[in-house]
Amino acid sequence: MIRINNLTKRYEKLTAVDNLSLDIEQGEVFGLLGQNGAGKTTVIHMLATLLKPTSGSATVNNFDIQKEPEKVRTSIGIVFQVPSSDDLLTGYENLQIHAMLYGVDPSIREKRIQDALELVGLTERKDDQVKKYSGGMRRRLEIARGLIHSPKVLFLDEPTLGLDPSSRETMWKYIQQLVKQEKLTIILTTHYMEEADMLCNRIGIMDKGKIIALDTPTNLKLMLGGDIVKLKLKKHDSDITVLKNLACVKKIESFDGYVILGVDDAKKNIPEILKHVDVESVESSSPTLSDVFLKLTGKNIKEQAEGGFLERYVQYDKH
Amino acid sequence: MYNMTSIRVYADKIYALWLREVKVFFREKSRLVASTFTPLLWLFVIGSGFSSSTSVAHSIDYQKFIFPGIICMSVVFSAVFFGSYIIWDRKFDFLKSVMVAPVSRSTIFTGKAFGGMTNSLIQVSILLVVGLIIGIQFSPLALVQTVVIVLLLSFALTSLGLTLGSYMTSLEGFQMIISFVVFPLFFLSGALFPIDKLPQWLSVLTTVDPVTYAVDALRNIILGIGSHPLGLDLLILLIYSCVLGALGTYSFKKMKAV
Ligand SMILES: Nc1ncnc2c1ncn2[C@@H]1O[C@H](COP(=O)(O)OP(=O)(O)OP(=O)(O)O)[C@@H](O)[C@H]1O
Ligand SMILES: [Mg+2]
């Protein structure tokens with residue numbers, strides 16, 4: 001559905017997107033994960049024909065982004081990082097105007113608008129001006145707008161940026177519902193690991209304009225060598241020898257009176273381990289995509305991205 | 001028959017862009033009130049204030065004399081402001097959402113220009129009603145001619161505003177446009193004084209100002225006095241409209257989306 005070949009965008013000295021190649025199949029939910037400035041938005045802007053690549057090429061829905069921009073635009077819906085609906089218009093009017101701009105046939109226009117409003121749960125508020133909407137409602141309106149012309153591909157640039165935890169979960173529900181109902185190909189960017197984990201079939205981790213890892217969330221987490229099990233043993237020394245001989249244990253370390261094991265599938269194998277050794281306590285944890293990100297880039301994405309953009313703003317101010 | 005669907009789709013796109021502008025126009029109350037109020041203030045304060053002291057050609061009451069100029073003032077302000085308002089559309093990303101739709105830049109330009117012309121026409125209508133109150137009467141023909149002149153001038157100046165706005169990325173640019181475009185266009189046009197007996201340097205500036213020809217044409221139509229033949233005014237306005245319209249379309253094609 002999307003083929004990207006050596007796509008590059010350079011601003012004077014800075015290379016925002018560096019020789020990126022990537023194929024995304026129909027029906028996939030693909031996540032682009034990366035810190036501020038990694039180049040996620042730049043990739044999306046180029047694919048959406050808003051920004052001219054410095055070099056390289058790409059096709060969306062088999063149309064070349066540089067040679068057939070209008071056909072690409074008809075094929076895609078997009079939710080920008082910053083909401084772009086007109087504040088003074090109502091939700092309904094925003095959708096109506098966009099339906100006309102996309103040439104949605106008048107005979108089905110009204111129905112498409114109603115369906116889109118229904119899907120994002122804004123039917124009740126459709127006649128309110130957008131300036132009276134909350135941040136979450138605005139983003140949902142943007143999604144409705146992105147879907148109004150039944151696109152093949154939907155781009156979501158940080159769809160949950162600045163939303164509170166419960167609005168974020170609502171947004172995830174909408175996105176998952178979309179995937180089921182509309183058979184879309186979705187490309188989403190995010191800072192939130194659990195979001196990517198939850199929604200995406202495949203994830204590309206971006207750093208400084210390059211994709212530095214590309215796989216399913218599960219495989220990415222496996223890169224770290226499975227789950228971690230932390231035990232406090234009753235008979236420390238003799239049991240360690242027993243543990244070393246177990247097939248499911250990949251790694252073993254002693255730490256502060258505890259034993260830390262690297263285990264393939266902790267849920268399944270903990271009972272097995274407990275059969276062989278006596279323990280006072282047991283704890284297990286699975287690696288998160290944050291751990292993967294930390295390992296790959298040596299940076300903690302959480303510190304950068306935990307807050308919404310307002311918090312980031314405040315942080316800048318403090319310096 | 002040539003593809004009817006594509007013509008309808010094209011008309012829909014222009015209509016959508018126009019509709020948005022008109023709705024926004026009526027909802028931005030402060031802008032609407034301010035841009036209607038300013039010309040009225042001029043008409044009554046300057047118009048009455050100078051009536052007593054100034055004598056202009058053809059022994060016409062000064063307030064009536066500047067009425068065509070005040071109509072043009074309203075067009076200058078509404079059209080240039082409207083055009084340069086595109087800076088806000090970009091700032092608040094609305095324009096980005098339009099540019100990512102399958103709508104060509106020249107279509108976006110056309111929709112915007114229609115919006116600007118509509119705004120001007122609405123404001124001028126209010127002034128024409130006020131004109132009736134102060135005793136300025138129109139024949140139906142004069143009314144049609146006035147509308148044509150207003151639309152031409154508005155198109156030219158909306159295009160100018162859109163052109164300038166499309167190159168600007170910050171809101172400070174807006175202040176520059178007011179000081180260096182809006183006020184000179186208005187003051188140099190002869191909206192407030194007869195252009196027959198001006199010093200050389202002023203006369204040159206007045207000659208290149210498109211608003212001059214609209215003021216002259218409206219004086220001709222409304223008061224029956226004018227420095228040029230109506231046809232010449234019309235021709236010059238047409239030329240300005242074409243040139244500025246082409247320039248605006250070109251600037252829109254060059255405008256960066258993000
Ligand atoms: N118009 C521009 N001129 C110069 N540099 C730019 C421009 N736009 C973006 N950049 C740079 O390109 C890089 C990538 O930016 P981009 O917006 O794609 O990052 P991002 O991954 O979307 O970040 P965020 O998570 O903050 O949205 C950044 O270093 C940014 O400063
Ligand atoms: Mg971004």
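## Polar contacts of the ligand

A polar contact is a pair of N or O atoms within 3.5 Å; within protein, one atom must be able to donate a hydrogen and the other to accept it, and residues adjacent in sequence count only if both atoms are side-chain atoms. A backbone N or O atom of Gly37(A) makes such a contact, lying 2.8 Å from an oxygen atom of ligand 1. The side chain of Asn36(A) places an N or O atom 2.9 Å from an oxygen atom of ligand 1, and a polar backbone atom of Ala38(A) is 3.2 Å from an oxygen atom of this ligand. Of the 640 Å² of accessible area that ligand 1 has on its own, the protein covers 64%; accessible areas come from the Shrake-Rupley method with a 1.4 Å probe, and for residues only the protein chains shown count as cover.

The model is a predicted one, in which local features need pLDDT of at least 70, side-chain atom pairs count only at pLDDT 80 or more, and totals for chains, interfaces and linings use all residues. Residues are numbered from 1 along each chain as its sequence is written, chains are lettered from A and ligands numbered from 1 in the order in which they are written, and side-chain values use heavy atoms, with hydrogens and water left out.

## The shell around the ligand

Around ligand 1 there are 15 residues, of which Gly37(A), Lys40(A), Thr41(A), Thr42(A) and His191(A) come nearest; a residue is near a molecule or strand if one of its heavy atoms lies within 4 Å of it. By class, this shell has 4 nonpolar, 8 polar and 3 charged residues, where Ala, Val, Leu, Ile, Met, Phe, Trp, Tyr, Cys and Pro count as nonpolar, Asp, Glu, Lys and Arg as charged, and the others, Gly among them, as polar.

Two elements of chain A, β2 (14-24) and α1 (40-47), each supply at least two residues of the shell, and α1(A) gives the most, with 3 residues. Helices (H or I, at least four residues) and strands (E, at least two) are DSSP runs, numbered from the N terminus.

## Salt bridges

Over all chains, the structure holds 23 salt bridges, each being a side-chain nitrogen of Lys or Arg within 4 Å of a carboxyl oxygen of Asp or Glu. In one of them, the closest N and O atoms of Asp18(A) and Lys210(A) are 2.7 Å apart. Asp18(A) lies in strand β2 of chain A and Lys210(A) in strand β10 (residues 210-215) of chain A, so this pair ties together parts that are 192 residues apart in sequence. Asp18(A) is partly exposed at 22% relative accessibility, and Lys210(A) is partly exposed at 41%; buried means under 20% relative accessible area, exposed over 50%, and partly exposed in between (1.4 Å probe, protein chains only).

Within helix α4 (residues 106-119) of chain A, Asp115(A) and Lys111(A) are 4 residues apart, about one turn of the helix, and their side chains meet in a salt bridge of 2.8 Å, N to O. Asp115(A) is partly exposed at 37% relative accessibility, whereas Lys111(A) is exposed at 56%.

In chain B, the side chains of Asp89(B) and Arg20(B) meet in a salt bridge of 3.1 Å, N to O. This pair links distant parts of the chain, with Asp89(B) in helix α4 (residues 86-91) and Arg20(B) in helix α1 (residues 4-27), 69 residues apart. Asp89(B) is buried at 5% relative accessibility, and Arg20(B) is buried with a relative accessible area of 6%. Salt bridges that share partners join Asp86(A), Arg20(B), Glu21(B), Asp89(B) and Lys112(B) into one network.

## Aromatic rings

The structure holds 12 aromatic pairs over all chains; rings of Phe, Tyr and Trp (its six-membered ring) pair if their centres lie within 6.5 Å, and planes under 30 degrees apart count as stacked, over 60 as edge-to-face and the rest as tilted. Trp42(B) and Phe187(B) form a tilted pair, 5.9 Å centre to centre with 55 degrees between the planes. Trp42(B) lies in helix α2 (residues 29-51) of chain B and Phe187(B) in helix α8 (residues 172-187) of chain B, 145 residues apart. Trp42(B), Phe77(B), Phe81(B), Phe183(B), Phe186(B) and Phe187(B) form one aromatic cluster.

## Chain A as a whole

Chain A contains 13 helices and 14 strands, and its C-alpha trace spans about 80 × 45 × 45 Å along its principal axes. Of its 319 residues, 50% count as buried.
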